[in-house]
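Here is a friendly walk through the fold you are about to see. Please keep the structure open beside the text as you read.

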Amino acid sequence: LDLGAGQRPILLADALAAFPDRAFNLEVKNWPGDPGFEDDGALAVEVAAVSRPGDLLSSFHWPTMDAVRSMHPEVATGLLLEGDVALEAAIEWAARFGHVAVIPEWPMLTGPDGVGLVKSAHEAGVGVATWTVNDVQVALQLARIGVDAIITNDPGLMVAAIERSTQEDA
């Protein structure tokens, strides 16, 4: 990679500083069997050291987030999940280890148990976000059942749709 004279790669701290008024979900990719996997979560701990209030660190590897919580208890952490992982287990883990959110794949919340799962998480003091929602109707359904945040590739579209829906309901 030739960055040219006087150029250097952008560091996470630089990227965050460029957006002082925005909070980010900083997903740490750290899964056993993947190249570069760190069982001690060292990279995640480094990311936590430069994160800011309002930012959220998340990972599918929950012990990585536990490592962050033990080293940086002031940093908000979330547990990502997909597939056949039980959302109830994630809520329990999050509550026990002090993670602020569970972040399931959106289909896990659109079934008949979605409202109850969101309610259970909130009763345990755990927020619920979901990923990756790019369909307005799905986003509106998730907003109605009380999710706290929606991860999307088009935040402007989702915010506008939810705001419109809220105004129409008022």
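In what order do the six strands form the open sheet, and is the pairing parallel or antiparallel? The order is 1-2-3-4-5-6, and the pairing is parallel. Strands here are DSSP E runs of at least two residues and helices are H or I runs of at least four, numbered from the N terminus; two strands pair if DSSP finds at least two bridges between them. Strand 1 and strand 6 (149-150) are at the edges with a single partner strand each, so one side of each lacks a neighbour in the sheet. Between strand 2 and strand 3 there are four bridges in the parallel sense, and Leu56 stands opposite Ala76 in strand 3.

This is a predicted model, in which local features need pLDDT of at least 70, side-chain atom pairs count only at pLDDT 80 or more, and totals for chains, interfaces and linings use all residues. Residues are numbered from 1 along each chain as its sequence is written, and side-chain values use heavy atoms, leaving out hydrogens and water.

Now to helix 2. The table sorts some of its residues by exposure (buried is under 20% relative accessible area, exposed over 50%, partly exposed in between; 1.4 Å probe, protein chains only).

| State | Residues of helix 2 |
|---|---|
| Buried (under 20%) | Ala44, Val45, Val47, Ala48 |
| Exposed (over 50%) | Glu46, Ala49 |

The buried residues of helix 2 fall within an arc of 160 degrees (directions from the helix axis to the C-beta atoms), so they line one face. Their cover includes helix 1 (12-17) and helix 3.

Notes: Contact means heavy atoms within 4.5 Å.
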